[in-house]
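Please look over the structure shown here before reading the report.

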2 protein chains.
Amino acid sequence: MLKLTKRTEYALTALSHMQSQGEGELTTAREISEKYSISFQLLSKILQHLSKENLIKPIQGAKGGYKLITDLTEISLWQFLEMMEGPLGLVDCIITSECQKMDGCVILSPIHKINKTVQNIFMNIPISDITN
Amino acid sequence: MLKLTKRTEYALTALSHMQSQGEGELTTAREISEKYSISFQLLSKILQHLSKENLIKPIQGAKGGYKLITDLTEISLWQFLEMMEGPLGLVDCIITSECQKMDGCVILSPIHKINKTVQNIFMNIPISDITN
DNA sequence: TTTATACAGGACTAAATGAGTCGTATTAGC
DNA sequence: GCTAATACGACTCATTTAGTCCTGTATAAA
Ligand code: SF4
Ligand code: SF4
């Protein structure tokens, strides 16, 4: 119930790498894929996704690549996880606001409270804590 | 990356119910299954598992059932989750101590730190916070 | 203008995990 | 001996995650 998806791990690895390359530098998917032994095709999709989320900017064509265009201190781990994995929550009713067992559920309220606790912690961790 | 398994939810629901029944009272799987609309067979396995973990004591035969034999204030959410779902960790290398990508991994150390943070929080939440 | 390099993205397959079922055995009260 | 309860292995079904395949588009440079 706690494990990051590989997608998330790879995304963090990629961002970490790009950040270490210095401001405005280009990095290719191939480069990261080879350095960290990540499937090129899979990594490509992840980078495309990070582009859509405006964390990096893609440059097409030969001599192309990706450029980091975000201050990673401004993005919380919670935000990032939701970017990568979709809405988060300890239980379905937090994620979709729906559950047939809702009335009569005896654990709903305490679980929501714990969920909030975790959320608060993750919201206070910038992903730069990971990529630095 | 945060969702509890149904097994865990059902286990918590069952414990909550049993706790509300008062000390030394017997509860049957059927009873809980019907009250909370949980598959009887599935719930049975979960209760059997809780028995093996010595949280409840099974009494066989007619007029049998399960009896809560643990002080739930003494069991942390972390312990409980590991009971129900096995070893927890944000990444594989925390769970199995193994990963081919370990050397050269740039996110390992910061991820371990965050993992520790979450672990500490969960270790300080007794499951009685949920079942009460 | 051709060629090589890089991103874009839909469709698909494979593997792993989670959820739930079936059937049968065992135990014990009445 | 009948009934009501737990015990448990083996199985099926559903969902999610991981990874692949293939074709298309953009652009720098020869
Ligand atoms: S309402 Fe209760 S059973 Fe339904 S998802 Fe929320 S916590 Fe789980
Ligand atoms: S070593 Fe790095 S890549 Fe491997 S599991 Fe740990 S964090 Fe993930």
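The report covers the domains, their interface and a hairpin.

## Domains of chain A

This is a predicted model. The domain assignment divides chain A into domain 1, residues 6-68, and domain 2, residues 76-131. Taken over C-alpha atoms, the centres of domain 1 of chain A and domain 2 of chain A are 27 Å apart. Twelve residues from domain 1 of chain A and eight residues from domain 2 of chain A take part in the contact.

## Interface between the domains

The size of an interface is often given as the accessible area lost when the parts come together. Between domain 1 of chain A and domain 2 of chain A about 930 Å² is buried, and 70% of this lies on carbon and sulfur atoms. Zero salt bridges are found across this interface, while four residue pairs are in polar contact, both residues being at pLDDT 80 or more.

On the side of domain 1 of chain A that touches domain 2 of chain A, the elements giving two or more residues are helix H1 (6-20) and helix H3 (40-52) of chain A. H1(A) provides the largest share of that side, with seven residues.

Strand E2 (residues 56-59) and strand E3 (residues 65-68) of chain A run antiparallel and are joined by four bridges. Ile56(A) has Leu68(A) in E3(A) as its bridge partner.

The two strands, E2(A) and E3(A), form a hairpin with five residues between them. In the turn, Gly61(A) has a positive phi of about 85°.

Methods
Residues are numbered from 1 along each chain as its sequence is written. Chains are lettered from A and ligands numbered from 1 in the order in which they are written. This is a predicted model: local features need pLDDT of at least 70, side-chain atom pairs count only at pLDDT 80 or more; totals for chains, interfaces and linings use all residues. Side-chain values use heavy atoms; hydrogens and water are left out. Domain bounds come from an automatic or database domain assignment. Contact means heavy atoms within 4.5 Å. Buried area is the accessible area (1.4 Å probe) that two parts lose on being put together, summed over both. A salt bridge is a side-chain nitrogen of Lys or Arg within 4 Å of a carboxyl oxygen of Asp or Glu. A polar contact is a pair of N or O atoms within 3.5 Å; within protein, one must be able to donate a hydrogen and the other to accept it, and residues adjacent in sequence count only if both atoms are side-chain atoms. Two strands pair if DSSP finds at least two bridges between them.
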